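Thanks for coming. I have one structure to go through, so please look at the sequence and the 3D view first.

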Amino acid sequence: MKKLDEIMELMADEMEDFKTAVLELQKLSEQLVKMSIPISTEALEKNLNTFLLKQQAEKEKTDETLKEIDKKLKHARIIPNYLLILLGIFGILALGSVGYFGYTDKKNVEENFEVYQMIMESQNKSYEDYFTAYPEIHEAYCKWLESGYQGL
């Protein structure tokens, strides 16, 4: 019987511990019920709708930005305007300088030819003056020319 008394005592202790644990759980359950926020489908739909509206607004902003970028890319140039203007100016200067140097070269050639003609005329004049001063040398020269060309 002693054993039975011990078992009964242990059971009484266990039941008391169990009762205190149940009371503790009830208190915690009541606190949880008071603290918890009931989640309903309405609240979820409301939060989801606000999120979707924000997302739609952001999508519209990004679409607008992408359209602006697309417009800028369509009107973009590979070579900037100032570079085209500089190339045009250099082209005009190059053509002008080629024309100028061509013209001055042609003038120089003409002047050189005129100087050459003047030199040749002055040489011919000096030959004529010499031959008029010495007619016998002129005759010998003419004979020499005739004999020289026939022999070739």
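This is a predicted model: local features need pLDDT of at least 70, side-chain atom pairs count only at pLDDT 80 or more; totals for chains, interfaces and linings use all residues.

Residues are numbered from 1 along each chain as its sequence is written, and side-chain values use heavy atoms, with hydrogens and water left out.

Let me begin with the helices. When I say helix, I mean a DSSP run of H or I with at least four residues, numbered from the N terminus. Helix α1 covers residues 2–35. Its 34 residues should span 50 Å at 1.5 Å a residue, and the end C-alpha atoms are 49 Å apart, which agrees. That expected span is 1.5 Å times one less than the number of residues. Helix α2, residues 41–74, also has 34 residues, and reaches 48 Å from its first C-alpha to its last, close to the expected 50 Å.

How many residues of α2 are buried? The count is 0, so α2 is hardly covered. Buried here means under 20% relative accessible area, exposed means over 50%, and partly exposed is in between, with a 1.4 Å probe and protein chains only. For α1 the count of buried residues is likewise 0.

Next, salt bridges. Side chains of opposite charge can pair when their charged atoms come close. The cut-off used is a side-chain nitrogen of Lys or Arg within 4 Å of a carboxyl oxygen of Asp or Glu. How many does a search of the whole structure find? It finds 2.

One joins aspartate 63 and lysine 59, at 3.5 Å from N to O. These two are 4 residues apart in helix α2, which means about one helical turn lies between them. Aspartate 63 is partly exposed at 31% relative accessibility, and lysine 59 is partly exposed at 47%.

Another pairs lysine 74 with aspartate 70, with the closest N and O atoms 3.8 Å apart. Lysine 74 and aspartate 70 are again 4 residues apart in α2, about one helical turn. Lysine 74 counts as exposed at 63%, whereas aspartate 70 is partly exposed at 39%.

Now the surface patches. A patch is made of residues with over 30% relative accessible area and no salt bridge, joining like charges within 9 Å and nonpolar side chains within 5 Å. Asp5, Glu6, Glu9, Asp13, Glu14, Glu16 and Asp17 gather in a patch of negative charge. One of them, aspartate 5, sits in helix α1 and is partly exposed at 48%.

There is also a nonpolar patch, with about 1200 Å² of accessible area together; its members include Ile78, Tyr82, Leu86, Phe90 and Leu93. Phenylalanine 90 is found in helix α3, residues 81–133, and is exposed at 53%.

Last, some distances. Where is arginine 77? It is found in the loop between α2 and α3, and it counts as exposed at 57%. Arginine 77 and tyrosine 116 are 39 residues apart in sequence and 57 Å apart in space, C-alpha to C-alpha.

Glutamate 121 is in helix α3 and is exposed at 54%. From glutamate 121 to aspartate 70 the separation is 51 residues in sequence and 78 Å in space, again C-alpha to C-alpha.

Notes. Accessible areas come from the Shrake-Rupley method with a 1.4 Å probe; for residues, only the protein chains shown count as cover. Lys and Arg count as positive and Asp and Glu as negative; His and the chain ends are not counted. The place of a charge is taken as NZ of Lys, CZ of Arg, CG of Asp or CD of Glu.
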